[in-house]
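Please look through the model below with the sequence beside it. The paragraphs that follow lead from one residue and its surroundings to the rest of the chain.

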Amino acid sequence: AGNTIRAVLEAAGVRDNVAKSLGSSNHATVVKATLQALASLRTSAQVLADRGKKKEKAIESDQEAAGPG
């Protein structure tokens, strides 16, 4: 089923991917699940908005967490 996922991702323009399907090996079901997963992807701005944070604040807190250097 990894080949099925890979074919869908390559058709969507995603290169250099590694895919593993757990559960169904039915190709039609795997394609449907892959398309559903692609449709549910969110940008970092959407995730930050959901968390009520601004991009600049998130970057600052990431740098503070990383420590000096």
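R6 lies in helix α1, which covers residues 2-11; helices here are DSSP runs of H or I with at least four residues, strands are runs of E with at least two, and both are numbered from the N terminus. The model is a predicted one, in which local features need pLDDT of at least 70 and side-chain atom pairs count only at pLDDT 80 or more, while totals for chains, interfaces and linings use all residues. Residues are numbered from 1 along each chain as its sequence is written, and side-chain values use heavy atoms, with hydrogens and water left out.

With a relative accessible area of 27%, R6 is partly exposed, a class that lies between buried (under 20% relative accessible area) and exposed (over 50%), computed with a 1.4 Å probe on protein chains only. When residues up to four places away in sequence are not counted, R6 touches N17 and A19, where contact means heavy atoms within 4.5 Å. The C-alpha atoms of R6 and D16 are separated by 9.1 Å, although these residues are 10 apart along the chain.

N17 itself sits in the loop between α1 and α2, and N17 counts as buried because its relative accessibility is 16%. Apart from neighbours within four places in sequence, N17 is in contact with R6, L9 and E10.

Helix α1 also holds T4, which counts as buried at 12% relative accessibility. The side chain of T4 is joined to that of H27 by a polar contact of 2.6 Å; such a contact is a pair of N or O atoms within 3.5 Å, where within protein one must be able to donate a hydrogen and the other to accept it, and residues adjacent in sequence count only if both atoms are side-chain atoms. Beyond the neighbours within four places in sequence, the contacts of T4 are H27, V30 and V31.

Helix α2, residues 27-39, has 13 residues and reaches 18 Å from its first C-alpha to its last, close to the 18 Å expected at 1.5 Å a residue, the expected span being 1.5 Å times one less than the number of residues. At the start of α2, a side-chain oxygen of N26 comes to within 2.9 Å of the backbone nitrogen of A28.

The structure holds 1 salt bridge, a side-chain nitrogen of Lys or Arg within 4 Å of a carboxyl oxygen of Asp or Glu. The side chains of R42 and D50 form this bridge at 2.5 Å, N to O, and both R42 and D50 are exposed.

Confidence is given by pLDDT, which runs from 0 to 100 for each residue. The mean pLDDT of the protein is 84, and 81% of its residues reach 70 or more. Among the elements, α2 has the highest mean pLDDT (93) and helix α4, residues 55-66, the lowest (67). Where pLDDT is low, the predicted coordinates should not be read in detail.

Notes:
pLDDT = per-residue confidence, 0-100.
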